[in-house]
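Subject: Structure handover

Hello,

Here is the structure for your files. My notes on it follow below.

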Amino acid sequence: MTPIDAKRPLQLNENGQLRHFLSLDGLPRELLTELLDTADSFLEVGARAVKKVPLLRGKTVCNVFFENSTRTRTTFELAAQRLSADVISLNVSTSSTSKGETLFDTLRNLEAMAADMFVVRHADSGAAHFIAEHVCPQVAIINAGDGRHAHPTQGMLDMLTIRRHKGSFENLSVAIVGDILHSRVARSNMLALRTLGCPDIRVIAPQTLLPVGLEQYGVRVFTSLSEGLRDVDVVIMLRLQKERMQGGLLPSEGEFFRLYGLTEQRLALAKPDALVMHPGPINRGVEIESAVADGPQSVILNQVTYGIAVRMAVLSMCMSGQAAQRQLNQDAGEHN
Amino acid sequence: MTPIDAKRPLQLNENGQLRHFLSLDGLPRELLTELLDTADSFLEVGARAVKKVPLLRGKTVCNVFFENSTRTRTTFELAAQRLSADVISLNVSTSSTSKGETLFDTLRNLEAMAADMFVVRHADSGAAHFIAEHVCPQVAIINAGDGRHAHPTQGMLDMLTIRRHKGSFENLSVAIVGDILHSRVARSNMLALRTLGCPDIRVIAPQTLLPVGLEQYGVRVFTSLSEGLRDVDVVIMLRLQKERMQGGLLPSEGEFFRLYGLTEQRLALAKPDALVMHPGPINRGVEIESAVADGPQSVILNQVTYGIAVRMAVLSMCMSGQAAQRQLNQDAGEHN
Amino acid sequence: MTPIDAKRPLQLNENGQLRHFLSLDGLPRELLTELLDTADSFLEVGARAVKKVPLLRGKTVCNVFFENSTRTRTTFELAAQRLSADVISLNVSTSSTSKGETLFDTLRNLEAMAADMFVVRHADSGAAHFIAEHVCPQVAIINAGDGRHAHPTQGMLDMLTIRRHKGSFENLSVAIVGDILHSRVARSNMLALRTLGCPDIRVIAPQTLLPVGLEQYGVRVFTSLSEGLRDVDVVIMLRLQKERMQGGLLPSEGEFFRLYGLTEQRLALAKPDALVMHPGPINRGVEIESAVADGPQSVILNQVTYGIAVRMAVLSMCMSGQAAQRQLNQDAGEHN
């Protein structure tokens, strides 16, 4: 019997398979690559006349959204349906009662309803991780965005986009532009790019929107868009979260666009075949101009398509990882 | 290779099969009859113990409702489920951002999620047509009501109701009563009745609720309910959209009922076996009295049943039309 | 042909099978036992890798919630999905129009959409019964809670919990504690316990929260928690409906907890292996303290699991009862 390794990350089972999907932090390159390969195969399913495989038949996927996001919820719903799972969606308000209790009791109740996976969206950083630590062993937790911390399926769909259009990560320069400070997407992308071997990761933002401690990600920091974009292969624009801009960190939308908005002129500083990416929904004329968003270098809509495939890959890999762990536990039980 | 006919209506593919379903305008009699025949066959499915056929298995039907309508959304949801499709429903608010952008970007995103059909409800006339013009070729658009313009599935379920109860349209007198001016149902019905060969179509309304240009539909106009109802075979009452009556076009609900409400006494002016129809939900005592709505001549609830069958017919015919067009495009590609 | 027995309860068909599930009132012990046995078998389905049986394939279950309850709706949705039914959920507001009309017209419309079962939640006592009296013969009505009247699936899941943990009802003392006056759960539990042969049913509540006419249920009434709990085998705590406490029936939450809250100390008065039950969601520190709710005697989360199985049993038994009645009616028709 393999002894349980206390330092093995929460996300992996004893065989190193994915069991929860919380953050890209600590996931090995092989696993990310396997995930991209699996997503590639699901892309083919999405293009079929019958867009359905029976992998999760009879499984219950529960979308537990403590923070509303129609867009992300819909993509997870579609991914689960195409794997033949049953889906229920709950919008959980965190306002009425003390948050900790609600989260905990809601969790225990959903477990008791024999849900197999919780797709969790929460405004607090670390919420998905907290849930994974406390959930019963047979449930897999998928992080669909937690506070400023992580949005790992977005990160992986961005990686799939880059790999499908650029082949590999080995010789690429990738720039991430915008509100790095508040962006869980930025964090997930920096981690993924680094793990997958991207040699030149740049972040471009005004000083006020840069978090401390960026060095740990091995990135180069630019405050000038023009300098940062020079000769990059990929530009990942972040969405300007207007509702988070209250604190006077920026003078105005117009000012932001003037300094950090992606225009055709500025894009010309990147390589001629540079990709333009954005997690959507885009604020036209704020972080990106329409000519670029809808232009020939934009792969923004491909990202949406790849997003379904990545979510199918995550759901099915976590389900396999859970099943394998159950088997391991059973075998261990029998040998004792 | 057949050259693309620029004047061929948007709704039909190169073989004349239904590809989108936007309006009854321009659809030939043969196609409407085929639709009614198909709906007839689906009525039989709705009466079975297992109300499900696998025609749309692995297809994704997306309800995109820019204007809320639980009732219509539910019937499309049921229709799609009984065809074994996967269904997702989105309520899209048009308030927050500029409408054009939202509509367009929402559209592109849903396309990218590999939805096969959009069932669209929108407050603006022409919205469904606009979307069909701009959607990618593999998606079918179904109009579930756009402004004052059209509500073609309602029109066809009314035609199915008439045909099932009266056999054919050839010798019928049909009166449409109420707020013609604001009614997309009225417009769809006039078009369908005319195409299907109904020789006597009457509209009955106060002068203030009659649109200009009614002559084009080949209808006879009455402002007196008693005169208009005389010897008709079918009475189609329209719903009084109270929220649209702000502009002082009518003195009061009571006054409307006194002049244009359908009572047993007035119904006696029609043929003894005249059908009473209404798109629902009814305003009892405003446009119709309960004794008539619940009386022996009323087929209001049959309309609801037929509505599911008609929506199943529309969804499956559009799906076939899309598939056939794809095949045509492929064959054309191979011959070039 | 068997003559229709006017006194046969609405819930049963001519063979005595369940046809609607409205209240535990009048249901014979054999039927409740059959329901518990059926639920037992569905518990096994919930534990499988593929949690799905095809019993209700092609059937439409419609959740009609006139009163919102995410929790109850979700458990019925899961139960229906695991039986392979199609599910649609409607939240019906009762505010806009006169209630009677809305209820009636909504009902007729759903019938016409060929729904097979309505799961009804309503704030008015008797609403489910009223609907069952007026619905067309082929639709089964399931009461998911109506006013203060009944919540029979909750009652039966409580019985399943007791039977699975205590084996039978024959020698048990069961105490129901809290707001008996406003609780449909209390009423359903008293009826079920009595029918199933529990010899000692106690209710414990302040005088102001005791309804009149409790004698008919054959229960013993206590106003002191300490006295009432002595040597019981099962403690069923009720949820304090804070929103119903406006009328000054109780001084404060703190006061309620001081007098009627279940603490470890008080639980020690019951038998050492006494079960602690609660319909959820719990108000920690109001009717129950966390140490008890999460303690070794608590079966609160098991109740949630059993709830899905009981709802699967109710849905499938009602569907069989409806089908059998249809067959009886058909046979009768053929013999006339």
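**Aromatic pairs**

In chain B, B:Phe256 and B:Tyr260 sit 4 residues apart in helix α8 (residues 253-260), so about one helical turn separates them. Please keep in mind throughout that this is a predicted model.

The ring centres of B:Phe256 and B:Tyr260 are 5.8 Å apart and the planes meet at 35°. A pair is called stacked under 30 degrees and edge-to-face over 60, with the rest tilted, so this one counts as tilted. Both residues are on the inside by the accessibility criterion: B:Phe256 has 3% relative accessibility and is buried, and B:Tyr260 is buried as well, with a relative accessible area of 7%. The cut-off for buried is under 20%.

C:Phe256 and C:Tyr260 are both buried. Over all chains, the count of aromatic pairs is 3.

In chain A, A:Arg311 is placed over the face of A:Phe76, 5.1 Å from the centre of the ring.

**Chain A against chain B**

The size of an interface is often given as the accessible area lost when the parts come together. For chain A and chain B this area is about 1,700 Å², of which 52% is on carbon and sulfur atoms. On the chain A side, A:Lys51, A:Arg284 and A:Leu301 account for 27% of the area buried against chain B, more than any other three residues. In terms of contacts, 19 residues of chain A meet 17 residues of chain B.

There are 3 salt bridges between chain A and chain B. One of them joins A:Arg284 to B:Asp105, with the closest N and O atoms 2.7 Å apart. Two or more residues of the side of chain A that touches chain B come from each of α2 (70-82) and α11 (300-335) of chain A. The most come from α2(A), which gives 8 residues.

**Chain B against chain C**

Which residues of chain B lose the most area to chain C? First the totals: chain B and chain C bury about 1,700 Å² between them, with 52% of it on carbon and sulfur atoms. The residues in question are B:Lys51, B:Arg284 and B:Leu301, which together make up 27% of what the chain B side buries. The contact involves 19 residues from chain B and 17 residues from chain C.

Across this interface of chain B and chain C there are 3 salt bridges, including one between B:Lys52 and C:Asp86 whose closest N and O atoms are 2.8 Å apart. The interface also has 11 residue pairs in polar contact, both at pLDDT 80 or more. On the side of chain B that touches chain C, α2 (70-82) and α11 (300-335) of chain B each supply at least two residues, and α2(B) gives the most, with 8 residues.

Regards

Key: Residues numbered from 1 in each chain as written. Chains lettered and ligands numbered in written order. Predicted model: local features only at pLDDT ≥ 70, side-chain atom pairs only at ≥ 80, totals over all residues. Heavy atoms only, no water. Phe/Tyr/Trp six-rings, centres within 6.5 Å; stacked < 30°, edge-to-face > 60°. Buried < 20%, exposed > 50% of the residue type's maximum accessible area, 1.4 Å probe, protein only. Lys NZ or Arg CZ within 6 Å of the ring centre and 35° of its normal. Contact = heavy atoms within 4.5 Å. Buried area = accessible area lost by both parts, 1.4 Å probe. Salt bridge = Lys/Arg side-chain N within 4 Å of Asp/Glu carboxyl O. Polar contact = N/O pair within 3.5 Å; in protein donor to acceptor, adjacent residues only side chain to side chain.
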